[in-house]
Amino acid sequence: MSTMSNTIVDLPDQSTATIPKMNFLTKENGLLSWLLTGDHKRIATLYLISITFFFFIGGSLAGLIRLELLTPQTSLMAADTYNKVFTMHGVIMIFFFLVPSVPATLGNFLIPMMIGAKDLALPKINLLSWYLYIAGGLLAIYTMATGGVDTGWTFTTPLSTHYVNTNVLTTGLAVFIAGFSSIFTGLNFIVTIHKMRCPGMTWFRLPLFVWAHYAASILMVLGTPVVAIAIVLVALERTIGIGVFDPTKGGDPLLFQHLFWFYSHPAVYIMILPGMGVISEVISTFSRKRVFGYTAVAFSSVAIAVFGFFVWAHHMFIMGISNYAVLVFSLLTMLVAVPSAIKIFNWTFTLYKGSITFETPMLYAFGFMGLFTIGGMTGVFLGASGTDIHLTETYFIVAHFHFVMVGGMLMAFLSGVHFWWPKMTGRMYPEKISQMAAVITFVGFNLTFFPQFILGVLGMPRRYASYPPEFQVLNVFSTAGATILGVGYLLPVLYLVWSLKYGEIAGNNPWQATGLEWQTQSPPLTENFVVTPIMDHEAYDYEWLERQSQAGKEKEAPIAG
Amino acid sequence: MPDSHAIAHNGEETADNAYSADIAHGEHPAYLRHHFNSTEQQADTTNFAMWLFLLTEVMFFGGLFTAYLIYRNWYYPAFVAGSHQLNVIWGTTNTLVLILSSFTMAMGVWCAETRRRRGLVLCLSLTFLLGLAFLGIKTIEYGEKIEKHHVPGFHYSLQSFDDPASDPEIYKEYHDKALMPDMARHTELYFSLYFAMTGMHALHMIIGIAILAFMIVRARAGAYTSGHVTFVENFGLYWHFVDIVWIYLFALLYLISRH
């Protein structure tokens, strides 16, 4: 620490340090011990591997999309193939990457540790949720292999029920199954946070990561069943011809939109809230300060969850809902900006006069704050019904969504993976190359998606394989950016795998962070803690941490002397 | 009842089962999972999880009820005419069957809590049979709809609504007037909802009955009568929930415009 003043990394003496022999990875061996495990950390590891797999499938599809859009003509693939490619990109990225990304990996791994519990409340349900995820994911890949689906990830009726001949049913089933996986994860988190907290861990001593997951879990539990029934009704309409969404029978396709977006709008908060939880932890740790306005940030998570349920109709401003509904939903949509802004402001105030260092997780967190702010602000453009009518179904929407989800959520995911990597594996990732990867990702991202805002304002519609030639320059920028972005995503996979064997030994608490998860060995024991911890201080109490390390040194001193 | 009490106790004493391993004082019972501190915490937690799961079920059926609410408001005459096609006698019988099954289920939970093995097996078996009876009656009702071509999507017939007199049994009772052609068409939507809602409900019944079969086998071996009753309790909650959904369905689908 003394040699490098621009870092807080506090590693044990590498010549003598070892990874603890007994930990959750070494407890049992063999494939079965993994496939039948109840340990939340092992399930999180399974999730991390499978989610990365699906991310790269979705990413490859994105690559194909950008490659096709390099030229104004449909040069690489036929228009209907293009439809299938962007549909599968959406389905895989949303249901098999973004929704489970942070909760099922980092949340799964960390929530029990952060609240001082031995495991999630329902370990078998946790494992079941992973199997459901895999079953849904394999079904989605099977769908893709046998012809794909071309409705867009929104399954819009009557297109999906009457007009397309592609695999709507298997895709719907895949999403349905993945939905159950998500419900079980959310349910498990809520029960765990309510019932499994260690002595002294009051609600307002919970890390903000836990609050964010609690809010996201509420959305998972209440929202997902509604999209499930919407999918069931689409399937019934497609197979036996019941008419709930069929205008020829008096049904209304708009009802499908209501049911679908009642989940799918809150779903974007399912995706972003856990990411916000990561950012709270990272910003605090690398500023060495308690998160400014802890209570406000905690409640803003819950507020986002609550408001998030009352804005869904802003996806339907051009679909013939009444003007009064437009007015009300427009207003409510603007209101969601308030708790989101509370978070951004409070993180900024946390930085103010903090001792900031720029390790990789912090770089990604900065990326999140900037890109999420742009993504959120452009969301206000779309929430205002007047501008929405001009901008909807253009690349402006695409850019807005990707700024929040890729610029926001994916940055948060990478931030969290780097931040807790030493805890999960016991080894550090290589700092310099990962800082470089974070910067490459940021540059590549902006080059990819910023031109799309301009394309959208100029009127380029989304979901077409071809476009007028005057849009080509900006599209070439975007495709070039996507290439850089691809490198930015490939690098972490390479060096993180490398670090499993060659990374420096991290020790218990390389970042000197305050969370309970850092006060135990890395990688942790299967039971997480040797004795159940007692929480006798507030969250993010760096003075407590200082006293702890002081006391530790005094204890060691006589032995050394 | 006193008899069965004695039997249950005798049964318990002689039962040779793996589940009722006696708990020595101060030790944890075998069913306490390692990550809980106490059996109370464990029971509390699984119970809470079950209530949350039922909440997701409320949201699941909520989508259907929303659709029902909207369309019933739009096409009320079609919904009235459609509901007149349902067999209220069978519907009422089924309601009674399910309420009775909820009673036997509740008794089952009580038997588990008071450690009456035979009583539990009996109650679960009765619940199982009543569940099957419900599905049997539902099948008969579905059969009637198929006969009259009232299944949406399968050669749906508007005859009963365009010309009510052609359907003498129903006409005799209600003297419905013919619906306007446009409104008559919307009866198909009523039956869409009828099949979607009762179908989803029946699916929940089938899942419940399968779990009941599993529980009966385990209960015979004494699984739930040695102190660890959360599974029976939580299944009871599920069963009552499915029962309550039916009561709503019965009122909303069968009893429109009956005063």
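Two residues are in contact if their C-beta atoms, placed from the backbone, lie within 7 Å. With that in hand, welcome to a tour of this predicted model.

**Figure 1. Where chain B meets chain A.** Here 29 residues of chain B are in contact with 30 residues of chain A. On the side of chain B that touches chain A, helices α2 (39–74) and α9 (187–220) of chain B each supply at least two residues. If you want one element to follow, take α2(B): with 16 residues, α2(B) gives the largest share of this side. By class, the side of chain B that touches chain A has 16 nonpolar, 10 polar and three charged residues.

**Figure 2. Chain A, seen as a helical chain.** Chain A holds 17 helices and zero strands. A compact globule of 561 residues would have a radius of gyration near 24 Å, and the value for chain A, 24 Å, agrees with this. Along the principal axes, the C-alpha atoms of chain A fill a box of roughly 85 × 45 × 45 Å. Of the 561 residues in chain A, 54% are buried. Take the contacts in chain A with a separation of 6 or more: residues 24 or more positions apart account for 85% of them.

**Figure 3. Chain B, helix after helix.** Zero strands and 10 helices are found in chain B. Reading along its sequence gives the pattern α-α-α-α-α-α-α-α-α-α. Buried residues amount to 38% of the 259 residues of chain B. For contacts in chain B with a separation of 6 or more, 80% come from residues 24 or more positions apart.

**Figure 4. Helices α10 and α11 of chain A, side by side.** Helix α10 (residues 294–308) of chain A packs against helix α11 (residues 323–351) of chain A at an angle of about 160 degrees, and their axes are 9 Å apart. Angles over 145 degrees count as roughly antiparallel, and α10(A) and α11(A) are therefore roughly antiparallel to each other. Their crossing is left-handed. From α10(A), the residues to look for include Ala296(A), Ser300(A), Ile304(A) and Phe307(A); among their partners in α11(A) are Leu332(A), Val336(A), Pro339(A) and Lys343(A). The residues of the contact of α10(A) with α11(A) fall into 10 nonpolar, four polar and one charged.

**Figure 5. Helices α2 and α16 of chain A.** The axes of helix α2 (residues 40–68) of chain A and helix α16 (residues 472–502) of chain A cross at roughly 160 degrees and come within 10 Å. This makes α2(A) roughly antiparallel to α16(A). The crossing of α2(A) with α16(A) is left-handed. On the α2(A) side, Thr52(A), Gly59(A), Ala62(A), Gly63(A), Arg66(A) and Leu67(A) make the contact, and α16(A) brings Ser478(A), Thr479(A), Ala482(A), Gly486(A), Tyr489(A) and Val493(A). Sorted by class, the contact of α2(A) with α16(A) has five nonpolar, six polar and one charged residues.

**Figure 6. A closer look at His89(A).** This residue sits in helix α3 (residues 79–98) of chain A. A residue with 20 or more other C-beta atoms within 10 Å of its own is buried; His89(A) has 20, so His89(A) is buried. Leaving out residues up to four places away in sequence, His89(A) touches Gly58(A), Leu61(A), Ala62(A) and Ile65(A). Gly152(A) lies 63 residues from His89(A) in sequence, and the two are 9.1 Å apart in space, C-alpha to C-alpha.

Conventions
Residues are numbered from 1 along each chain as its sequence is written. Chains are lettered from A and ligands numbered from 1 in the order in which they are written. This is a predicted model: local features need pLDDT of at least 70, side-chain atom pairs count only at pLDDT 80 or more; totals for chains, interfaces and linings use all residues. Axes are lines fitted to C-alpha atoms, for helices over the stretch in contact, and angles run from 0 to 180 degrees between N-to-C directions. Helices (H or I, at least four residues) and strands (E, at least two) are DSSP runs, numbered from the N terminus. Angles under 35 degrees count as roughly parallel, over 145 as roughly antiparallel, 65 to 115 as roughly perpendicular and the rest as oblique. A crossing is left-handed if the near helix is turned anticlockwise from the far one by less than a right angle, and right-handed if clockwise. Ala, Val, Leu, Ile, Met, Phe, Trp, Tyr, Cys and Pro count as nonpolar, Asp, Glu, Lys and Arg as charged, and the others, Gly among them, as polar. The radius of gyration is taken over C-alpha atoms; the globule rule is 2.2 Å times the number of residues to the power 0.38. A residue is buried if 20 or more other C-beta atoms lie within 10 Å of its own, exposed if 12 or fewer, and partly exposed in between; C-beta atoms are placed from the backbone.
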